[in-house]
Amino acid sequence: MSIEVPESPLAASMVGLLTGGWVAQAVSVAARLKIADQLAHGPRSAADIAEAVDAHAPTLHRLLRALSDVGVVQEREDGLFSGTPLGELLRSDVPSLRGYALLTGAPFHRAAWDALEHSVRTGEPSFPHVHGQEIFDYLRDNPSDGDVLNKAMVAMSGEFIAPVAAACEFPPGHTIVDVGGGHGAVLTEILAANPGTRGILYDLPEVIAKAADGPLRTALADDRCQMVAGSFFDSVPQGGDAYVLSHVVHDWDDDRAVQILANCRRAMHPGSRLLLLEGFLHDGPSASRMKWLDLEMLVMTSGGRQRTQSQYEALFQRAGLRPTGPTAQSPTFTALEARPA
């Protein structure tokens, strides 16, 4: 007869928190190996999958059974593994969050988080402390890591931000300037949802050079979009009817954020509007993923942070813009509009 010995629920919860990094790394490895692609057409054995992805079969089995406990795959009674709706979000052949999973497991990204204590003790970003350069300089000099980050932003934008942007109305004939728009995931959704509009994708030359192979392919082929290279710290294309800043302003401290917004204001005509798409912090202690994204900004950027709606509106006013309130929102992201003051 065995004796049941109770565990402390608090201790079990703490162990769950402390091993969260293990789960993230395991999911990232599954994304790199394209496990979800292998399971897209039915259950398979670990040995079969291992042969297809060039992995060690017994060890892959150990990874898969652990991932089964968090719902990324399903371990069946017959010993095979099958895909799950959650695991589908790691597929490489459909829009998914695979790019974000690759970022969270990338050594350059994990190294910055490993130095979180440095940021907390000093108030400084850990990324330059670890890598010797600010993040955007590092990504320019390490294009393969820059590609990882851009794919992660495409994945996040497509899943969370683009639906909010597409819900905003843009009249036919209007030109939408996507400022710092990366590879164009958000602009693609806006153009698809608003027939008769045109777009301008504006970003650094090294980003624009790769954007033609991204989500904007169809819009470029249909002559509905052009790509312009430059820095939003210098200027922004003139005369747009709408200026979209998606997940851009949170990368920067207040003064540089105002500089970006002021350059947009100078480019706007009296009837233009600006749409800022960000995840807002809320006043008070309510739970929010944005608190964790705020820590991401702490370790990765020099002065970047998540802000409340009122803090963003204060930046608008400093830049000569008049806040007019949210135009669309999801549980996570909001499109906050401003007009020339």
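The paragraphs below walk through this structure, from its annotated domains to a few individual residues.

Before we start, note that this is a predicted model, in which local features need pLDDT of at least 70, side-chain atom pairs count only at pLDDT 80 or more, and totals for chains, interfaces and linings use all residues. Residues are numbered from 1 along each chain as its sequence is written, and side-chain values use heavy atoms, with hydrogens and water left out.

UniProt, in an unreviewed entry, lists residues 17–90 as "domain: O-methyltransferase dimerisation". UniProt positions are given in the numbering used here, with feature names shortened, and annotations may be inferred rather than shown by experiment. Over residues 17–90 the chain is 55% helix and 8% strand, with the end C-alpha atoms 23 Å apart. Helices (H or I, at least four residues) and strands (E, at least two) are DSSP runs, numbered from the N terminus. The unreviewed entry also gives "domain: O-methyltransferase C-terminal", covering residues 113–321. That span is 49% helix and 13% strand, and its end C-alpha atoms lie 35 Å apart.

Now turn to helix H6 (residues 98–105). Six of its eight residues are buried, so H6 is largely enclosed by the rest of the structure; buried means under 20% relative accessible area, exposed over 50%, and partly exposed in between (1.4 Å probe, protein chains only). The buried residues are Arg-98, Gly-99, Ala-101, Leu-102, Leu-103 and Gly-105, and they pack against helix H2 (20–33), H7 and helix H11 (143–167).

One of these partners deserves a look of its own. H6 and helix H7 (residues 107–114) pack at an angle of about 55°, with their axes 5 Å apart. That makes H6 oblique to H7. Axes are lines fitted to C-alpha atoms, for helices over the stretch in contact, and angles run from 0 to 180 degrees between N-to-C directions. Angles under 35 degrees count as roughly parallel, over 145 as roughly antiparallel, 65 to 115 as roughly perpendicular and the rest as oblique. From H6 come Leu-103, Thr-104 and Gly-105, while H7 brings Pro-107, Phe-108, His-109 and Arg-110. Contact means heavy atoms within 4.5 Å.

Next comes Ser-126, found in helix H9 (residues 126–131). Ser-126 is buried, with a relative accessible area of 0%. Its side chain reaches the backbone oxygen of Ala-112 at 2.6 Å. Not counting residues up to four places away in sequence, Ser-126 touches Ala-112, Ala-115, His-118, Ser-119, Leu-298 and Val-299.

Further along, His-183 sits in the loop between strand S3 (175–179) and H12. With a relative accessible area of 10%, His-183 is buried. Leaving aside neighbours within four places in sequence, its contacts include Asn-150, Val-154, Lys-210 and Leu-216. Ala-192, by contrast, is exposed at 62% relative accessible area; this residue is found in helix H12 (residues 185–193). The C-alpha atoms of Ala-192 and Thr-218 are separated by 9.7 Å, with the two residues 26 apart along the chain.

Finally, look for His-250, where UniProt places the feature "active site" (unreviewed entry). His-250 lies in the loop between strand S6 (242–246) and helix H15 (254–267). At 2% relative accessibility, His-250 counts as buried. Residues up to four places away in sequence aside, His-250 touches Glu-278, Leu-293, Met-297, Gly-304, Arg-305, Gln-306, Arg-307 and Tyr-312.

Conventions:
A polar contact is a pair of N or O atoms within 3.5 Å; within protein, one must be able to donate a hydrogen and the other to accept it, and residues adjacent in sequence count only if both atoms are side-chain atoms.
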